[in-house]
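Trainee: I am new to this structure and would like to ask about the terms used for it. Could you take me through them step by step?

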Amino acid sequence: MNPVSFTDRETLWKDMLGGAAADWDVIVIGGGITGAGILREAVRLGYRSLLIEQRDFAWGSSSRSSKMVHGGLRYLAAGQFSLTRHALQEREKLIREAPRLVQRLGYYFPLYRGQWPPRLAAGALFWLYDRLAGIRDHRRVGNAELARQFNGLDTDGLNGAFYYTDAVTDDARLTLRVLQESVRQGASLRNYTRANRLLREQGRVCGLLAEDLESGQQATLRARVVINATGAWADRLGNAALAGMKIRPQRGSHLVVSADRFPVSSAIFLLHPADGRRLFVYPWEGRTVIGTTDIRHGRDLDTAASMTAAELRYLLAAAERLFPGDPPKPADVISSWS
Ligand SMILES: Cc1cc2nc3c(=O)[nH]c(=O)nc-3n(C[C@H](O)[C@H](O)[C@H](O)COP(=O)(O)OP(=O)(O)OC[C@H]3O[C@@H](n4cnc5c(N)ncnc54)[C@H](O)[C@@H]3O)c2cc1C
């Protein structure tokens, strides 16, 4: 078992500077869900493994997603069967193994008259989605059930819906859980520690220069394998695998509305009246969430992403389309994340 752990970051830093924690089998850069998953796998395989994160763990997209643990209806519709099957099997495994963290959620997929997908195609899609997951939750529902489930829903133009299930989580908690499991198995990790530069020997990456962002001190760390799991920041480290490529960050914003004001007990898809994009309204942590936008994030990546007033208007307009009688208003918005 590795002597340094989650709880003693000061000792770990001293050992990094002093040399006792300067050599690793695997160093993972980036403390989001990708880095956490890689760390857990590396330590499970018996490698002496370290993860460093420049902010707090899950500071990036891994705390700002839509929180869905899904197989990906979109992938299935695009014919990516094995990817969808794999994601669905992982979803089922997570629901079984982490029931308090990953919970099944009912979704309603409304069918609009004259719009894609037609009823038969949608039925086949949901049948296959369930089958690949090894469950049988989907069913067709009429407008009356939709109106009962969603108070104030405008069913005009609707031809019922398909009900099916996926799952929802707290993405940041899920990341922390995977990190904690890694630590329990002997991995080390340190937040507020940034990889400033990759070190190379004979053209191969052999380590990195890490900076403790509290003190500004730098330590040279060496590793047999360095893994860049920095998500939207991935092209900053001079990664040879990304040579000539540039990451173009996208932003998706979500609104949080009081459930007293706008209650939903299941998720429902809606079509945005302006551009026909599909969005969701769904329950999360006792609140109602409306999301998401999908726009180019042209801002500084080192500042936490946030929603603009235009995105707020866009999301509220989508809710108004589905719930025209008494839609949520700006004053009903408790919070947002992007
Ligand atoms: C709007 C939106 C909604 C989404 N919804 C879903 C969903 O519902 N379900 C789903 O499964 N997926 C969803 N996704 C995708 C999912 O969020 C991402 O695939 C996932 O979070 C990516 O994780 P990551 O670890 O690769 O990146 P991140 O979580 O961004 O982690 C990268 C980390 O690297 C750190 N870092 C960067 N540079 C350095 C450095 N030099 N040194 C140290 N650390 C560094 C960053 O601070 C960051 O914490 C969504 C994505 C978006 C944008």
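Mentor: Start with strands S2 (residues 49–52) and S7. They run parallel, joined by three bridges. Keep in mind that this is a predicted model.

Trainee: What makes S2 and S7 count as a pair?

Mentor: Pairing needs at least two bridges between the strands. S2 and S7 have three bridges, so they pair by that cut-off. Within this pairing, isoleucine 52 stands opposite arginine 190 in S7.

Trainee: Which sheet holds S7 and S2, and in what order do its strands come?

Mentor: An open sheet of six strands, ordered S7-S2-S1-S10-S9-S8, with mixed pairing.

Trainee: Why are S7 and S8 called edge strands?

Mentor: Strand S7 (188–190) and strand S8 (193–201) each pair on one side only. From one strand to the next, the twist averages 40 degrees.

Trainee: Which helix lies across S2 and S7?

Mentor: Helix H2 does. Besides S2 and S7, H2 lies across strand S1 (23–29) and strand S10 (218–228). Its direction is at about 170 degrees to S2.

Trainee: What is the term for an angle of about 170 degrees between H2 and S2?

Mentor: Angles over 145 degrees count as roughly antiparallel. H2 runs at about 170 degrees to S2, so the term is roughly antiparallel.

Trainee: Why is H2 called roughly parallel to H7?

Mentor: Look at the crossing angle. The axes of helix H2 (residues 33–44) and helix H7 (residues 171–184) cross at roughly 20 degrees and come within 9 Å. Angles under 35 degrees count as roughly parallel, so H2 is roughly parallel to H7. The crossing is left-handed.

Trainee: Which residues make the contact of H2 and H7?

Mentor: H2 contributes Ile33, Ala36, Gly37, Leu39, Arg40 and Val43. H7 contributes Leu174, Thr175, Val178, Leu179, Glu181 and Ser182. By kind, seven are nonpolar, three polar and two charged.

Trainee: Which strands does S6 pair with, among them S3?

Mentor: Strand S3 (residues 68–69) pairs with S6 over two bridges, in the antiparallel sense. Methionine 68 stands opposite valine 168 there. Strand S4 (residues 102–112) also runs antiparallel to S6, joined by 10 bridges. In that pairing, tyrosine 107 faces tyrosine 164. Strand S5 (residues 139–141) and S6 are antiparallel too, with three bridges. Valine 141 stands opposite alanine 161.

Trainee: What makes two bridges enough for S3 and S6?

Mentor: The cut-off is at least two bridges. S3 and S6 have two, so they meet it.

Trainee: What shows that strand S12 is covered on both faces?

Mentor: His254, Val256 and Ser258 are buried on one side. Leu255 and Val257 are buried on the other. Five of the five residues of strand S12 (residues 254–258) are buried, so S12 is largely enclosed by the rest of the structure.

Trainee: Which strands pair with S12?

Mentor: Strand S15 (residues 287–291) pairs with S12 over five bridges, in the antiparallel sense. Serine 258 stands opposite arginine 287 in S15. Strand S17 (residues 333–337) is joined to S12 by four bridges, also antiparallel. There, valine 256 stands opposite serine 335.

Trainee: Is aspartate 332 buried or exposed, and how do you know?

Mentor: Its relative accessibility is 16%. Buried means under 20%, so aspartate 332 counts as buried. Aspartate 332 lies in the loop between helix H8 (309–322) and S17.

Trainee: What is aspartate 332 in contact with, beyond its neighbours within four places in sequence?

Mentor: Val256, Val257, Ser258, Arg261 and Pro327.

Trainee: How much of the whole protein chain is buried?

Mentor: Buried residues make up 49% of its 338 residues. The chain has eight helices and 17 strands.

Notes:
Residues are numbered from 1 along each chain as its sequence is written. This is a predicted model: local features need pLDDT of at least 70, side-chain atom pairs count only at pLDDT 80 or more; totals for chains, interfaces and linings use all residues. Side-chain values use heavy atoms; hydrogens and water are left out. Axes are lines fitted to C-alpha atoms, for helices over the stretch in contact, and angles run from 0 to 180 degrees between N-to-C directions. Angles under 35 degrees count as roughly parallel, over 145 as roughly antiparallel, 65 to 115 as roughly perpendicular and the rest as oblique. A crossing is left-handed if the near helix is turned anticlockwise from the far one by less than a right angle, and right-handed if clockwise. Contact means heavy atoms within 4.5 Å. Ala, Val, Leu, Ile, Met, Phe, Trp, Tyr, Cys and Pro count as nonpolar, Asp, Glu, Lys and Arg as charged, and the others, Gly among them, as polar. Buried means under 20% relative accessible area, exposed over 50%, partly exposed in between (1.4 Å probe, protein chains only).
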